[in-house]
Structure formats: structure tokens, C-alpha cells
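Reader: Can you walk me through this one? I'd like to start with the helices and then look at the backbone.

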Amino acid sequence: MEERVLTKTMKTGQPTVSIVMGFSGGGTTTLLQFCARRARVLFSPHSYGAKVDTVTILSDYGSVEGRMNPTPTQIFRNLAAQLKQHLGFENHIPATLDAARATFMKMLRRATEGRGRVLIFLDALHLVSNPYGIAWLPNEYEVPFGVQFFLGIVRIDRKPTIEKNRLYDNRKMPAVEYTLINSYRHRMYKLQHVALASSCPKAVKNAIK
């Protein structure tokens, strides 16, 4: 069901931002990776019936790629570097958040000139290093026409659990310490939901769960 919804979204180019929320281990990353692969097939210039528009696909899966807590700046720099590689841009990528975001947005506007499109897949937003919960993603109403974001974040309907037997060399974790870690993690997840809702309120309201 979710695959069909997201495939239709990619084909129609609307909405600008799609959000997938799932519990840890529930398949959110797998779904987004599947859709990214599907997009590469759908918009391949060698595919039957493929559009003539230039479609660039970018991705950042965070922890799946070995970066447990990437900062927003690192994510923008990673995406901008991919865009440079795909389209041959020569933009310098700054090292500060505001400048990196502004440069990336400028690159997106350039990439979508002449009916170009850019599909961006970002996962594990709850693990982004953003301790103050700032709204770091572009506002959904400011995203250039032709650009789509597909975002994955953990649900916070219930507190996350952690596997005790994988911590401290399989020694039993004290109940108090376990509770504190679990509560802290849940607070951090909630902060990232606040940040996401600030940037993409409509998409959060219509999130796939």
C-alpha cells in the first residue's frame, strides 16, 4: 500500500514533501530505499515511457550509512556533493548550516530549470544531531517546483525500547539507568518531530503511518 502511494507521488510530482513514520525496525528505511531504487528505474532515460525531463535522485540514510548522528550541516553538504557529482555543478559547499542550506537550495533551483526534477530521500531524521530542535529542513512551501522530499522518522506514539543485552558487554543494565536512557532518547525523538513539524506542517499532518 505505502509503495503504491509513494510511487504515485513520484510520478505525479506532488506533494512536495512526503513523510513516512514507523516504529523502530518497522521497515521505514527499507521502504524509502525501495522507492529510491524504483525512482531510478522509472526515470531512467533508457526505460520505456520514461519522461524526457532530467530527474536527479539524492539520498541520505543516516545511521544505515554508518553515520549515527549526522548534523543538519553534514546532511546538506552530503546532498549538495551528490548534486554536484550528478549535474557537474561547481558550487563551493560551505561548512556552516545556514550557508550550506542556502547553497543547496540555490543548486536545487538551478537543477530544476528547464523542467528538471530532483527527488530527495532522507531517513532516520529522529537520529539527527539537533539537540535544540531547530527547524533545519527547508520549509515545504519554499521548496522549488520540481523538487520532492521523501522523509523517514520514527513514530513517538510510545517510548522506544533499547536492547539491554547489547550494552555494557552483555552485562545487565540497572533499571534506573535503562529508564533514564530510554526517557532521554524519547525526548530527543520528540524534539526532532517538533523540528520537522515546524518545517513541514502539512506533510506531518498527512504522514504515512
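Author: What follows covers helix packing, then some backbone details. This is a predicted model, where local features need pLDDT of at least 70, side-chain atom pairs count only at pLDDT 80 or more, and totals for chains, interfaces and linings use all residues. Residues are numbered from 1 along each chain as its sequence is written, and side-chain values use heavy atoms, with hydrogens and water left out.

Reader: At what angle do H1 and H2 pack?

Author: About 40°, with the axes of H1 (residues 2-12) and H2 (residues 28-42) 10 Å apart. Axes are lines fitted to C-alpha atoms, for helices over the stretch in contact, and angles run from 0 to 180 degrees between N-to-C directions. Helices are DSSP runs (H or I, at least four residues), as are strands (E, at least two), numbered from the N terminus.

Reader: Which residues of H1 and H2 make the contact?

Author: Glu2, Glu3, Leu6, Thr7, Met10 and Lys11 come from H1. H2 brings Leu31, Phe34, Cys35, Arg38, Ala39 and Leu42. Contact means heavy atoms within 4.5 Å. The residues divide into seven nonpolar, one polar and four charged. Ala, Val, Leu, Ile, Met, Phe, Trp, Tyr, Cys and Pro count as nonpolar, Asp, Glu, Lys and Arg as charged, and the others, Gly among them, as polar.

Reader: Switching to H4. Which of its residues are buried?

Author: Leu97, Ala100, Thr103, Phe104, Met105, Met107, Leu108 and Ala111. Buried means under 20% relative accessible area, exposed over 50%, partly exposed in between (1.4 Å probe, protein chains only).

Reader: What do they pack against?

Author: Strand S2 (55-60), helix H3 (72-87), strand S3 (117-122) and strand S4 (147-154).

Reader: How do the axes of H3 and H4 cross?

Author: At roughly 30°, coming within 9 Å. That makes H3 roughly parallel to H4; angles under 35 degrees count as roughly parallel, over 145 as roughly antiparallel, 65 to 115 as roughly perpendicular and the rest as oblique.

Reader: Now the backbone. Where is the cis peptide bond?

Author: Between Gln14 and Pro15, with omega about 0°. Pro15 is in the loop between H1 and strand S1 (17-22). Most peptide bonds are trans, and most residues other than glycine have a negative phi.

Reader: What is phi at Arg115?

Author: Positive, about 70°, although Arg115 is not a glycine. Arg115 sits in the loop between H4 and S3.

Reader: Is Arg115 buried or exposed?

Author: Exposed, because its relative accessibility is 59%.

Reader: And Ala124, buried or exposed?

Author: Buried, at 8% relative accessibility. Ala124 lies in the loop between S3 and S4, and its phi is positive too, near 55°.
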